[in-house]
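Thank you all for making time this morning.

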Amino acid sequence: MTASNTLLKSIQIQVNGTHQHRLVEPRTSLVDFIRDELGLTGTHVGCEHGVCGACTVLLNDEPVRSCCMFAVQADEMRVTTVEGLAPERGVMTKIQDAFCEKHALQCGYCTPGMLIACHALVADNPHPTEEQVRDAISSNICRCTGYQQIVDAVMYATQAEGK
Amino acid sequence: MSKSPFRFIGKHRRAVEHKRFVLGQGHFAADIQIQGMLHIALVASPYASAKIKSIDVSQALAMPGVHTVLTGEELRQNTEAMLPGVDAPQVTRYPMAFDVTRYAGEWVAAVVADTRALAEDAAELVMVDYEQLPAVVDPQEALLPNATLVHPAHGSNVIFHRHFVWGPVDQDFAQCDHQLSYRVSWARNATVPIETFAVACQWNDSTGILDVWASIQMPKFPDQMAKALRLTGNAVRVHFDVDVGGSYGVKRGLKHSVLVGYLAKKLGRPVRLVEDRLENMRGGDMQGPDRIFDVTLGFQNNGEIKSMRMKAVDDIGAYSGRSPLQLGKPVGAIVGPYKINSVSYDAMAVMTHKTPQEAVRGFGQAPTNYAIETGIDKVARFLKLDRIALRRLNMIGKDDFPYLIPSGTSYDSGDYDTVMTKALNAASYEELLKERDALRAAGQLAGIGISTCLEPSGGNASFEPLFNPKNETTTWMDSCLVRVDLSGSVTALMGTSTSGQAHETMVSTVVGEVLHREPDSIRVLHADSLNALPSNSPVGSRMAIMLGGAAAGATKKIKNKLLQIAAHNLGVALEQLDYEGGHVQVKNEPEKKLSWDALVEIAHRKFHKLPQGMEPGLQEKFVWEVPSGGMLPTADGRVQMYPCHSFESHVVLVSIDPGTCKVTVRKYVCGHDCGVMISPDVVHGMTYGGIAHGLGAALMEKFAFSPEGQLLAGTFMDYLLPSSAEVPAITIVDHCTPSPLTEFGQKGSGEAGYLGSPAAIASAVNDALSTQGAKIDHLPMTPQAIWTALNDAKSPA
């Protein structure tokens, strides 16, 4: 029941472009690994049962719930967290910038997961309709915004992009 | 349109908080990492009511990495009970149960270990021997003469009861053509932030200071924490720069913080508790009002409503904090926007073996609005009058302000008819009727909902003395400190944390407005509780009014000081000076001037150039009493509750699939008047979010309990939160009736949307059901509730 070194597993994960080689307990969730082991606290824990989406990260470019998988399951995979979305330090992506411009957040707690969901959407569909945006972000719960300004932000970012 | 009198107020501006959040650089309580920090896992009662016969912690303590296991008994002996909000000294509440448990999920023991995972392992080894006791779960059963008592020492399950009569109720009813009685109920729900409650504490033996980082939104939190821990007030330092991941009222984790503070001091190690979701839902003590209303309206043939009798029974759960007072705030808007001449209000808070209730957005106003507005629809249906015309007939007119309502509150300003008309126009009401009828013709159930409601704002504490004569609180001040440093840059300090309301943006906009300095250049910081001026936290839609007013007050002192320095050095009277952009010049003599930099330098360096008696430096504070506050209630329970009164009117179209009974909200318009908006994007954002909360309360969210008192909705699979699939596109139509009581004419709006949307959505569902002869008078209107109502209407009575 206690953690002993014999139970630790070695994993190699690329997180935001950096290779990580770590020993983890098999029961450590991916989100706890990201937050506690790597110190990347931008990814948040909301429900720990896969509903709220606050912990969403990109795993090999696909959005996944990092609370519902173990770190060992991400062995030899690529993880992108909110800290890794921007092309360089301090610079925002168009979606991040649009979130600021359109007031698409209030408390900021669901925002990292919501941003991952929006980036995944736009990677597949650079010019989504409003309905497609609503469908894509229905994976993530926000208690502050009622979603309106998040939809506005994604539309703002993606419409401006095409012109 | 007339030109705005403001430079920065009311303009689009990016919230300064946003950048850190979109880059993943927020600073939430669960992000606090301190060297050597220990972690807590909780052992919770599986029973709603039980005697704790014994607790065996030996196996848990024997586990490597476990530092201590704390029981409720030890904690009780070493801390003071938390206050029950009303005069009920026998209803004692400590962070953990001792002797008996009073709800399923109540904390019984806390395990502290090197990691949370280890603590959870050890928690499973804590052996508690319980003897199950009878539980009272239904609030109406709790009122029966032989009911099981939740707190036997209190002698009753009723923790608060007062019957207010304001005005000639009996006389008014006697003169009415009709009266109509109905019962509506509001289900226990809450705002359920995505961040659970988290708190980290660190004790320092040398300084004797307990440092606290908590996801807190609570008035007088540091004082209450110090008192409970038997520490002096200056031994508790709460760091208000922690970003709070949503609260909307509920982040009142006093018990969590007392527990963690006690352990940090006892162990001499930093200790942290982060609730998991079940702990949050079941034992976080953050469930909201749970109310049954019995209402009678007295009215004339023409629809004029003369009087109202309202009885409200609120099930507050097993312990009391602020919860009974949530029956008190509605006193300040008990007639809504209507000219109801007299009111009888019988308010009762009852205890059951359920999770305790805590403050939720609106502090009890949303349920009361739902009860009033449902009645207006019922009167219209009874008299076969148009719902909108009936509301118009009864509304307080725009020339009637200030308007004194029977319960003693004066509404400051408003134009309710115009706001409702704007909402109806934006919804294209005539077209909406056609759309509804087309949906009906196509086989759907469809309905339009209307609601109007007051948003009392400016958060005063008048309900405290109203509900507890021993409590003579008559101020609920807020404060701000503003300083200009030698480089000429401006910093403002506030004394509370923020949970999404963009206070840094609001304060910098206000300070910039007064000083004519670019708001983005102004830094706003959250001082810790030992460095801060007094604040009563962002409750009661108060910060635009109170913190905004305090920021303006402090900044005006700075501006006045700059003007005095200029007058002294330019050798003219104050009245001869113009202030523009931070620079001062003599009227009509533009060459005689002093720049911002020059004035700042005089204040900081050149004492010889200061007017006699002036303090050097540029730093001012302002502590603002709530405008219109300061008075105790009258003997018959009349009081000015809150100072300012925003107003909203909702228009909604819903359809209901007759097969699945699922409700789809197809159109949503909210007309809104909160006076002058300092940050329109922020106001709109909170209104959208409030409407989404209201949609959840109306259709989805309920903390359901089994008859044995087990929480049946402890996860987001059972407690359903609205997603973007349920929340429709929302149109907000602004109107502006400035408040005469505030600096810029602003009113509050933090509870906007949530106060009126449950009533509107319920109104729409009932309009849809009315074609089938069905109705629902309880929330949430789930598919099952709708299916049941339709079946009840079909089957012969």
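Let me start with Leu58(A), which stands opposite Pro63(A) in S4(A). Before I go further, please keep in mind that this is a predicted model, in which local features need pLDDT of at least 70 and side-chain atom pairs count only at pLDDT 80 or more, while totals for chains, interfaces and linings use all residues. Residues are numbered from 1 along each chain as its sequence is written, and chains are lettered from A, and ligands numbered from 1, in the order in which they are written.

Strand S3 of chain A, residues 56–59, pairs with S4(A) in the antiparallel sense over four bridges, where pairing asks that DSSP find at least two bridges between two strands. When I say strand or helix, I mean a DSSP run, of E and at least two residues for strands, of H or I and at least four residues for helices, numbered from the N terminus.

Stepping back to the sheet, five strands of chain A form an open arrangement with mixed pairing, in the order S2-S1-S5-S3-S4. Strand S2 (18–24) and strand S4 (62–65) of chain A stand at the edges with a single partner strand each, so one side of each has no neighbour in the sheet. From one strand to the next the twist averages 40 degrees; axes here are lines fitted to C-alpha atoms, for helices over the stretch in contact, and angles run from 0 to 180 degrees between N-to-C directions.

What lies across S3 and S4 of chain A? That is helix H3 of chain A, residues 111–124, which runs at about 40 degrees to S3(A).

For the chain as a whole, chain A has five helices and five strands, and from the N terminus on its elements run β-β-α-β-β-β-α-α-α-α.

Finally, the partner chain: 48 residues of chain B are in contact with 42 residues of chain A, contact meaning that the C-beta atoms of two residues, placed from the backbone, lie within 7 Å. On the side of chain B that touches chain A, helices H1 (18–22), H4 (116–123) and H18 (680–699) of chain B each supply at least two residues, and H18(B) gives the largest share, seven residues.
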